[in-house]
Amino acid sequence: MALNLVMLGPPGAGKGTQAVRVEQERGIPQISTGDILREAVQAGTDLGRQAQAVMERGELVSDALMVAIVRERLARDDTRDGFILDGFPRTVAQAVALDEILAGRDPLIVVELGVPDQALVERLSRRRVCRECGATYGAGAGAVPAACTGCGAPLVARKDDREEVVQERLRVYREQTEPLVAFYQDRSTFRRVDGNQPADAVRIAIGGAIDAAQAAVHVQPTPAG
Ligand code: AP5
């Protein structure tokens, strides 16, 4: 069956870090709505102009725009064997739209990464990203390198990782995105993973959660009688 995965969790929970690993292990594309928007900002497109100020305030881009972007992305051929959504859905309206977009496809598996607020704030103050390729640094115990080990470009802090913006992003998460836990948690394919452990341990836990959720899909109720 296709692996149609949603990574749910607050800012800094490690959704992007882990989505890249699942992409490498399972050979399905990571779809990060944050990355799509940041690329649009960098390229100066209409979408980027609409999104930039909203993102820098830590607020959410409109549901209509985000649903249109994801609908188009999920229609592409490379999602046939599955995909990893990172940063979408973020509101109940987006989740309802996603169910409609995926009608007739294999069930959605939702993995929620839980991390306490204090650890999130520390992670985001430490995070650096490559200005060119977007690679993320900061998960290890050692110092963050001065330049990207992949492409050599300088590493920078994200504008929305300033502390006051992080507080707003956490507030918006609690208000608009956390209700998605209630939206999904009664599905047999919903799993919660402790994201407050070393990144390799989180990766292993996510692998186990995905396998268990896929097995739950295969369990058919036995016919009565
Ligand atoms: P987006 O880019 O999606 O930001 P986010 O959800 O706030 O998530 P982050 O990217 O900050 O964190 P992450 O969970 O991916 O953590 P990461 O792996 O980087 O969205 C940005 C903005 O775009 C939004 O605010 C909004 O304006 C807009 N937007 C996007 N999607 C939208 C949507 N659907 N609707 C409306 N608006 C939308 O890790 C964080 C740090 O921790 C890194 O330094 C990493 O190295 C480190 N780390 C990771 N794992 C560990 C670990 N286990 N231990 C220690 N450190 C770790």
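**Exercise 1. Helix H6**

Task: Find which helix is included in what covers the buried residues of H6, and state which residues of H6 are buried.

Solution: 
- Step 1. Helix H7 (163-177) is part of what covers the buried residues of H6. The model is a predicted one.
- Step 2. H6 runs over residues 117-126, and its buried residues are Ala119, Leu120 and Leu124.
- Step 3. Around the axis they span an arc of only 130 degrees, so they lie on the same side of H6.

**Exercise 2. Helix H2**

Task: Sort residues of H2 into buried and exposed, then name the elements against which the buried ones pack.

Solution: 
- Step 1. Apply the cut-offs: buried is under 20% relative accessible area, and exposed is over 50%.
- Step 2. In H2 (residues 33-43), the buried residues are Thr33, Gly34, Leu37 and Ala40.
- Step 3. Their arc around the axis is only 130 degrees, which means that they sit on the same side of H2.
- Step 4. Turn to the other side of H2. Glu39, Gln42 and Ala43 are exposed there.
- Step 5. Look for the packing partners.

**Exercise 3. Backbone details**

Task: Describe the phi of the residue that follows H2, and the peptide bond from Phe88 to Pro89.

Solution: 
- Step 1. Recall the background. Most residues other than glycine have a negative phi, and most peptide bonds are trans.
- Step 2. Gly44 comes after H2 and has a positive phi, near 70 degrees.
- Step 3. From Phe88 to Pro89 the peptide bond is cis; omega is near 0 degrees.
- Step 4. Place Pro89 in the chain. Pro89 belongs to the loop between S3 and helix H5 (92-101).

**Exercise 4. The whole chain**

Task: Compare the radius of gyration of the chain with that of a compact globule, then describe the chain as a whole.

Solution: 
- Step 1. Count the elements: 9 helices and 8 strands.
- Step 2. Take the 225 residues. A compact globule would have a radius of gyration near 17 Å, and the chain has 18 Å, which agrees.
- Step 3. Box the C-alpha atoms along the principal axes. They fill roughly 65 × 40 × 35 Å.
- Step 4. Check burial. Of the 225 residues, 43% count as buried.
- Step 5. Take contacts between residues at least 6 apart in sequence. Of these, 70% join residues at least 24 apart.
- Step 6. Finish with charge. There are 27 positive and 31 negative charges, and their mean positions are 2 Å apart.

Technical notes. Residues numbered from 1 in each chain as written. Predicted model: local features only at pLDDT ≥ 70, side-chain atom pairs only at ≥ 80, totals over all residues. Heavy atoms only, no water. Helix = DSSP H or I, 4+ residues; strand = E, 2+ residues; numbered from the N terminus. Rg over C-alpha atoms; globule rule 2.2 N^0.38 Å. Buried < 20%, exposed > 50% of the residue type's maximum accessible area, 1.4 Å probe, protein only. Contact = heavy atoms within 4.5 Å. Lys, Arg positive; Asp, Glu negative; His and termini not counted. Charge placed at Lys NZ, Arg CZ, Asp CG, Glu CD. Arc of directions from axis to C-beta.
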